[in-house]
Amino acid sequence: MKLIEKRVVLHFPGFEPLDGIAHRARYERSARQSAAVWGYSIETGPVDAKSDPVSFEVRTAERVAAPEAGTVSPGWQTKSRIHMVDHDTLVRKLRAGNTLSQIIAGFRSCAEVMLEGGIRGYFRHAWRFGLFFVFPFLLTALAIALTAQIVILPYAVGFSPWHMLWSGALALCFFIFAFLPFSERFHTLHLFADWEMAVALGRMDRADFNGWLEDQAMAVRKALEEEADEYVISSHSMGSSVAAHVIGILLEKEPEIFKGKRVVFATLGSAILQCALMSSATLLRTRVGLIARCPEISWLDVQCLTDSINFYKVPVVAVSGHADAPQAKMILIRVKQMLTREHYRKIRKDQLRVHRQYVLGPDLRASFDFTLMTAGPMPASVFADPDEKRMPG
């Protein structure tokens, strides 16, 4: 198998309040962990001046125990150019309003997902994802109901309605100073914004979102002009829907854009069906089909049993309406095999933390490693086969 000497990576991160600089810092930390575990050397370069999206170079090489002075290591060396196609601009826009406006927007998105059949699809294909959808809205609805009960309590026990002046103030204090801090443990308002974005990417009815996607497609088009042995388009969580739109836009405009290139499309903990299962998401489903039918693209769908925020063992291409197209190769991983027992015990109850592990550094050698997929010497396609080596022999 020919080792990769030069690679171009286009990474679409998940829905997090992190810009490209912060994602690069996370990548560097995770890469150091991976290098320590697998025993290779790595150097993460600075951000290229004026790059948009943020891009930087990563060099990996075989680690030599005691190289002689003046000699060059005869081992492998790989250079990867990483482009962080983050959507922090959209995240900040969705989180910009006050608390009341964010709650209203969140419940509006909830209603839209339900009316468009999304919730039915979630529970049909991945019931745990259905619970993930319901939880923040149910939690907030219960808090609102309890707040209302506090307001009307004096009247309910026979006191004068004037007593609702103090009970109203008490209820407001409960909601602001008790519930909201408690709900942040579960990232409730952040999840409300996540669902607002899911609706926007499904309906494609927001000019600001659509214009941003077009801009990213042009930036990605430019990055693809660089010569490389391999092109990896990786995406995490909500970033997979963003990536599907961006790559779909390019294929619509230039069907031969990937001709002569070796391309791996790796969706990690993908949330494409979070958007695609809504009835209005016809354009997203069409673009999923374009990607699946592109002969130069090998689609790897990395899924995890203990991650409730993905569609485990669900064929994303077929469920998107393309049963006759080449299907994404499912790669099933276990987070607990990537971490020490103590580390896994600390994070296993935090579902968002478990969900982020796809792009974080490992404690142990395992079947999946994000750094090796995007910067290692072996082609990213080796991760499609559980028996393939992850490092040269």
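Ala, Val, Leu, Ile, Met, Phe, Trp, Tyr, Cys and Pro count as nonpolar, Asp, Glu, Lys and Arg as charged, and the others, Gly among them, as polar. The model is predicted: local features need pLDDT of at least 70, side-chain atom pairs count only at pLDDT 80 or more, and totals for chains, interfaces and linings use all residues. Residues are numbered from 1 along each chain as its sequence is written, and side-chain values use heavy atoms, without hydrogens and water.

Pockets were examined on a 1 Å grid over the protein atoms alone; a pocket is an open set of points where a 1.4 Å probe fits, with protein on both sides within 12 Å along at least five of seven lines, and its lining residues have an atom within 4 Å of a point. The largest pocket holds about 340 Å³ of space, a volume being the space filled by probe spheres set on the points. Its lining has 21 residues, and Phe-15, Glu-16, His-190, Leu-352 and Arg-356 are the closest to the centre. Two or more lining residues come from each of α7 (188-203) and α14 (351-356); helices (H or I, at least four residues) are DSSP runs, numbered from the N terminus. By class, the lining of the largest pocket has eight nonpolar, seven polar and six charged residues.

The second largest pocket holds about 300 Å³. It is lined by 14 residues, of which Phe-132, Phe-135, Phe-186, Gln-351 and Leu-352 are the closest to its centre. Helices α5 (127-156) and α14 each give two or more residues to this lining. The most come from α5, with four. Seven nonpolar, three polar and four charged residues make up the lining of the second largest pocket.

Helix packing was examined next. Helices α9 (residues 239-253) and α11 (residues 282-293) pack at about 70°, with axes 8 Å apart; axes are lines fitted to C-alpha atoms over the stretch in contact, and angles run from 0 to 180 degrees between N-to-C directions. The two helices are therefore roughly perpendicular (65 to 115 degrees). Residues of α9 in contact (heavy atoms within 4.5 Å) with α11 include Ser-241, Ala-244 and His-245. The α9 and α11 contact has eight nonpolar, three polar and two charged residues.

The axes of α3 (residues 99-115) and α5 come within 11 Å and cross at roughly 130°. Gly-106, Phe-107, Cys-110, Val-113 and Met-114 in α3 meet Phe-133, Phe-137, Thr-140, Ala-141 and Ile-144 in α5. The contact of α3 with α5 has eight nonpolar, two polar and no charged residues.

Definitions and conventions:
Parallel < 35°, antiparallel > 145°, perpendicular 65-115°, else oblique.
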